[in-house]
Amino acid sequence: MKKAILTLLCLGIVQVSTADIVKANGEGSAPIVKKDLNSTRNQAFNNAKKDAVITLIKRINGPQAMNDANQYLDDIVKQIDSS
């Protein structure tokens, strides 16, 4: 009987969790260098990724989280796949 009650209590305590997909678009720009357009594109793309990460941090954790996340921002952006 104790096992049955304990099992029912454990089943009642289990919480159902769900994951939400959060999307963010970043905007980036860079000065155009005519000799190296690929470098200009890469710099603008990296700036857009950084902007998207900042948007997500603020959306998920709130604007105050940027104080703590700022020092890790470049490391976070490096982990984003270019595709």
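This report describes the fold, the core and some side-chain pairs of one predicted protein model.

Residues are numbered from 1 along each chain as its sequence is written. Because the model is predicted, local features need pLDDT of at least 70 and side-chain atom pairs count only at pLDDT 80 or more, while totals for chains, interfaces and linings use all residues; side-chain values use heavy atoms, with hydrogens and water left out.

## Overall layout

The protein chain has four helices and zero strands, and its pattern along the sequence is α-α-α-α. Helices (H or I, at least four residues) and strands (E, at least two) are DSSP runs, numbered from the N terminus. The average pLDDT, which is the predictor's confidence in each residue from 0 to 100, is 80 for the protein chain, and 78% of the residues score at least 70. Confidence is lowest in α1, with a mean of 63, and highest in α2, with a mean of 89.

Of the 83 residues in the protein chain, 17% are buried. Here buried means under 20% relative accessible area, exposed means over 50%, and partly exposed lies in between (1.4 Å probe, protein chains only). A contact means heavy atoms within 4.5 Å. Among the contacts in the protein chain with a separation of 6 or more, 46% are between residues 24 or more positions apart.

## The nonpolar core

In soluble globular proteins, nonpolar side chains tend to be buried together. A nonpolar core is a set of buried Ala, Val, Leu, Ile, Met, Phe, Trp, Tyr and Cys residues joined through side-chain atoms within 4.5 Å. The largest nonpolar core in this model has seven residues: Val53, Ile57, Ala65, Met66, Ala69, Leu73 and Val77. The elements that give two or more residues to this core are α2, α3 (66-69) and α4.

Ile57 is one of the core residues. Apart from neighbours within four places in sequence, Ile57 is in contact with Gly62, Ala65, Met66, Ala69, Leu73 and Ile76.

## Salt bridges and rings

Side chains of opposite charge can pair when their charged atoms come close. A salt bridge is a side-chain nitrogen of Lys or Arg within 4 Å of a carboxyl oxygen of Asp or Glu, and by this rule the model has two salt bridges.

| Salt bridge | N to O distance |
|---|---|
| Asp74 and Lys50 | 3.8 Å |
| Lys78 and Asp75 | 4.0 Å |

Lys78 and Asp75 both lie in helix α4, three residues apart, which is about one turn of the helix. Lys78 is exposed, with a relative accessible area of 66%, whereas Asp75 is partly exposed, at 43%.

A charge can also sit over a ring, if NZ of Lys or CZ of Arg is within 6 Å of the ring centre and within 35 degrees of the ring normal. The charged end of Arg41 sits over the ring of Phe45, 5.5 Å from the ring centre.

## Residues around α2

Thr40 is in helix α2 and is buried, at 11% relative accessibility. Leaving out neighbours within four places in sequence, Thr40 is in contact with Ala30, Pro31, Ile32 and Val33. Thr40 and Ser29 are eleven residues apart in sequence, and their C-alpha atoms are 8.5 Å apart.

Gln43 also lies in helix α2, but is partly exposed, with a relative accessible area of 39%. With neighbours within four places in sequence left aside, Gln43 is in contact with Ala30 and Pro31. The C-alpha atoms of Gln43 and Gly28 are separated by 8.1 Å, the two residues being 15 apart along the chain.

Val22 lies in the loop between α1 (2-13) and α2 (37-61). Val22 is partly exposed, at 38% relative accessible area. Beyond neighbours within four places in sequence, Val22 is in contact with Leu56 and Arg59. From Val22 to Ile60 the separation is 38 residues in sequence and 8.6 Å in space, C-alpha to C-alpha.
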